[in-house]
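Here's a quick tour of a protein model for anyone new to reading structures. Keep the 3D view open while you go through the points.

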Amino acid sequence: MAALHSTAFCLGSVALSSRQELSFRRGNVKASAFFCPSSVSIPQLSFQSKALGGDGLPETKDSSLVVCFGEMLIDFVPTINGLSLADAPAFKKAPGGAPANVAVGIARLGGSSAFIGKVGEDEFGYMLAEILKENNVNSEGMRFDPGARTALAFVTLRNDGEREFMFYRNPSADMLLQEAELDLDLIRKAKIFHYGSISLITEPCKSAHIAAAKAAKDAGVVLSYDPNLRLPLWPSAESAREGILSIWDTADIIKISEEEISFLTKGEDPYDDAVVRKLCHPNHKLLLVTEGAEGCRYYTKEFNGRVKGLKVDAVDTTGAGDAFVAGILSQLAKDLSLLQNEDRLREALKFANACGALTVKERGAIPALPTREAVYDAILHSVG
């Protein structure tokens, strides 16, 4: 069955340490994305890109591989919404972490995916590796750290399904991934390399991230970026803004939320197209802005617009943005020419919106990720 799948790779890591650091974040988390010519001052990393076709996209690879770089961890989700962490009577253990969510999401949609990253050499790390295996995700690039734990995140769910986070990491194993541990051959085989910004926060993972992205870019791989802002994990708001923007211009595809737009532009209106365009750069092929239940906006050099989302009763929004990313990357991995055809891109985004919507109907990220059949069924019912 795997031979029938398009392939995606996700590079990420997860870990928690014996010295546990508590970080707390309040706020909504939504899927995100964008695209445009830049008028914002953005620090740059210089990557050389290989072999572009006449349409400005890397020459088509035989593989449909997507490689993602980021983190993998254990989410503890309360069994009852609307209570503080202290008042929650019990928690459901759920595997998570944005890059791992995307990898599993792609596999569950019928694609073939892989995860590259580091977890602790502990029970949670082995559990995560087994979950990847159970979901047909290639984990050859996964590493285990004997000296650091797998990261944990406790999630408070408000009555509307939105979240607050408390992280345990100091350091967690994902923060300790080294450049020498990267499976560069795996990365170079990809059609798309997807990553976030959490792996940029500390060394040695930051250097590993930059080396992985450079290897992908030099091999002509399309770069996909979801900043996935988790402010409490950064030393300061300014360091988060600078770190996220430091790799901004090298991406071909960016996904971002309204909140992240406001953060990066220091409070400007995220619903104003002119504000979003400030974040666009000539290198970008597609910028996606996710708006939760409202759907998403898309921006390319040739066109822009909005695709409505599916209305569902939200139980837990954890992983909704990652499900959206999995949905759109699973389509682009099969056919990058979608980026030049607005009608077909809109259909792909409708599919991605449905992926995100179905994920919020259950608790936890990976347990809630939908199958391709479930997505098509939801779309058909919404039309009906």
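What follows is a short briefing, from the whole chain down to single residues.

This is a predicted model, where local features need pLDDT of at least 70, side-chain atom pairs count only at pLDDT 80 or more, and totals for chains, interfaces and linings use all residues. Residues are numbered from 1 along each chain as its sequence is written, and side-chain values use heavy atoms, with hydrogens and water left out.

**The whole chain**
- You'll find 10 helices and 16 strands here; helices (H or I, at least four residues) and strands (E, at least two) are DSSP runs, numbered from the N terminus.
- Out of 384 residues, 61% count as buried, meaning under 20% relative accessible area with a 1.4 Å probe, protein chains only.
- Take contacts (heavy atoms within 4.5 Å) between residues at least 6 apart in sequence: 78% of them join residues at least 24 apart.
- The chain's accessible surface is about 14700 Å², and 50% of that belongs to carbon and sulfur atoms; such areas come from the Shrake-Rupley method with a 1.4 Å probe.

**The nonpolar cores**
- A nonpolar core is a set of buried Ala, Val, Leu, Ile, Met, Phe, Trp, Tyr and Cys residues joined through side-chain atoms within 4.5 Å.
- The largest one has 59 residues, and Ile328, Leu329, Leu332 and Leu349 touch the most other members.
- Helix 9 (residues 342-359) gives the most to this core, with 9 residues.
- Apart from that core lies another, of 53 residues, with Ala151, Ala190, Ala251 and Val276 among them.
- Leaving aside residues up to four places away in sequence, Ile328 touches Leu288, Leu345, Ala348, Leu349 and Ala352.

**A look at helix 9**
- Its buried residues include Leu345, Ala348, Leu349, Phe351 and Ala352.
- Where helix 9 starts, a side-chain oxygen of Asn341 comes within 3.2 Å of the backbone nitrogen of Asp343.

- Ala103 sits in helix 1 (residues 98-108) and is buried, at 0% relative accessible area.
- Though Ala103 and Val325 are 222 residues apart along the chain, 9.8 Å separates their C-alpha atoms.
- The structure has 0 disulfides, a disulfide being a pair of cysteine sulfur atoms within 2.5 Å.
- Cys205 is buried at 2% relative accessible area, and Cys355 is buried at 1%.

Conventions
Buried < 20%, exposed > 50% of the residue type's maximum accessible area, 1.4 Å probe, protein only. Polar contact = N/O pair within 3.5 Å; in protein donor to acceptor, adjacent residues only side chain to side chain.
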